[in-house]
Amino acid sequence: MESVDVVVIGAGFAGLTAARELGQAGLTVLTLEARDRIGGRTWTDHRLGHDLEMGANWIHWVQPHVWAEATRYGREITRSPSADEAYWRGSDGTPRKGTLAEFMELIGDGQQRIIDDVRSAIPRGVEPTVGEIQDLDRLSIQDRIDELELAPEAQAANESVWVGHVNAPLAQTGLSSALRWVAATGGHWQLMHEASATYRVVDGMRGFTDAIARDVRGEIRLNTVVSAVTQHGSSAIIETVAGDLVRARRVVSTLPANAIAGITFEPELPAVWRHLNAETVASQGTKVWLRAAGHLPRFFAYASQSDPISVLKAEFYCSDEAGDYTILVGFGPDHTLLDLDDLAAVQAAVDACRPGITITEVTAHDWMTDPLSLNTWMTHRPGQLTRDLAKLREPAGNVHFATTDNANLWGGFIDGAIESGLREARRIIDALR
Ligand SMILES: Cc1cc2nc3c(=O)[nH]c(=O)nc-3n(C[C@H](O)[C@H](O)[C@H](O)COP(=O)(O)OP(=O)(O)OC[C@H]3O[C@@H](n4cnc5c(N)ncnc54)[C@H](O)[C@@H]3O)c2cc1C
């Protein structure tokens, strides 16, 4: 039987980082990845005539783990287009057009009041469960917004902005997500907005993950679905769907909480993992790329949180033999609300955000039905953060858990995945050396 010091399951950012660190510390490492590519929930694919990020798109220098990796691998950033026009849902329920400054004026008071207590809720962004968050974690973002009694137009706009951030209905999403990410940006909601949706990586996420993978010393074996992990004393046997067996002294699972039941663990997973997997985290939305006829003015648009597309913006300007076109990116709270095969329904969803555009093509990857993720970017339901986070980081015998789902600082983001990979690699290196 093949035998290594460590098997890493999954070659997303968490797995690649962990595998690199373990190998560079002199341990033998084998990375097993179910997909035919590395990157996990980052995936640069050529569609609509352009390289598009089907998963993660934006990073920022206030995200220390990903920024250190960008520096290490010489990754440059480029800005997504800033908007000249803004659209939002007016008080009569129809889309209204204005300037960026008018939109910021509309949401400013609400955005600040949603997170006004952030400094006492989570005084240190790196300790997201310490502070008044222990009590506030029972609240959803919707609970907090409802308390503010905003005017209907401001309420709809503020809700849509937060759907864009958390990718889920706000009544199901913990206030903790708003508070922890704003805590990570020193209490400034404007910086949190910039950090989460402004700067793309030149050459895409594929270029980024390829660069890390070149530094991974052991093999990254693709098309290899792990089906079982069985612990025996000081080692574990990892079994693949194809029936191959590998023995390892330690195992790093990088599976998201929603997807971890895809592997049978013996002894069974700790209760915290089983419970969270059954409950699922809050995020359940969609990200779609759309081809619109012509070169449109640079805009962003917000509908309401119950629309299939709550947030829409112009991202790329292209031309081909059919003429000029604009590639838009849209986000919605519920992946089941939009049928991508029904162009008329997609057009209607766009019209509800930003009228006057003709959509000719649409594409997306449904991460919620993809059995290897069953999640988009992780946001917690009310109560999950303070109940589970510390326990999710605890190894279970020889099995370690590295995933953005159990990161401290930017849980849900690439930054959190890297944080978790570094953390678990260090623990294993300390234990095995
Ligand atoms: C649509 C979308 C937009 C996003 N936007 C952003 C953004 O702009 N900025 C940002 O920072 N983050 C964003 N994110 C989140 C970011 O992509 C994730 O937080 C991060 O990539 C997670 O990395 P990970 O390594 O923890 O998990 P993953 O990337 O999910 O890695 C887990 C790996 O395990 C593999 N795997 C699963 N089961 C098995 C098995 N049984 N056997 C072998 N392998 C298995 C999977 O194929 C996968 O490669 C976005 C995510 C999505 C889906």
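**View 1. Glu33 sits in the loop between β2 (29-32) and β3 (44-47).** Strands such as these are DSSP runs of E with at least two residues, helices are runs of H or I with at least four, and both are numbered from the N terminus. This is a predicted model, in which local features need pLDDT of at least 70 and side-chain atom pairs count only at pLDDT 80 or more, while totals for chains, interfaces and linings use all residues. Residues are numbered from 1 along each chain as its sequence is written, and side-chain values use heavy atoms, with hydrogens and water left out. Is Glu33 buried or exposed? Glu33 is buried, because its relative accessible area is 6% (buried means under 20%, exposed over 50%, partly exposed in between, with a 1.4 Å probe and protein chains only). Leaving aside neighbours within four places in sequence, Glu33 is in contact (heavy atoms within 4.5 Å) with residues including Gly10, Arg221 and Thr224.

**View 2. Here are the positions that UniProt lists for "binding site".** The unreviewed entry gives Glu33, Ala34 and Val226; such annotations may be inferred rather than shown by experiment, and the positions follow the numbering used here, with feature names shortened. Although these residues spread over 194 residues of sequence, they cluster in space, with a largest C-alpha distance of 8.0 Å.

**View 3. Val226 belongs to strand β11 (residues 226-232).** Val226 is buried, with a relative accessible area of 5%. Not counting residues up to four places away in sequence, Val226 touches Ile9, Leu32 and Gly262, among others. A polar backbone atom of Val226 also lies 2.9 Å from a nitrogen atom of the ligand.

**View 4. Now meet the shell around the ligand, with 37 residues.** The closest are Glu33, Arg35, Arg41, Trp58 and Gly412. Helices α1 (13-24) and α14 (414-432) each supply at least two residues of the shell. An oxygen atom of the ligand is 3.1 Å from a polar backbone atom of Asn57.

**View 5. Lys313 lies in strand β17 (residues 311-320).** Lys313 is buried, with a relative accessible area of 14%. Beyond residues up to four places away in sequence, Lys313 touches Trp58, Phe299 and Val329, among others.

Technical notes. A residue is near a molecule or strand if one of its heavy atoms lies within 4 Å of it. A polar contact is a pair of N or O atoms within 3.5 Å; within protein, one must be able to donate a hydrogen and the other to accept it, and residues adjacent in sequence count only if both atoms are side-chain atoms.
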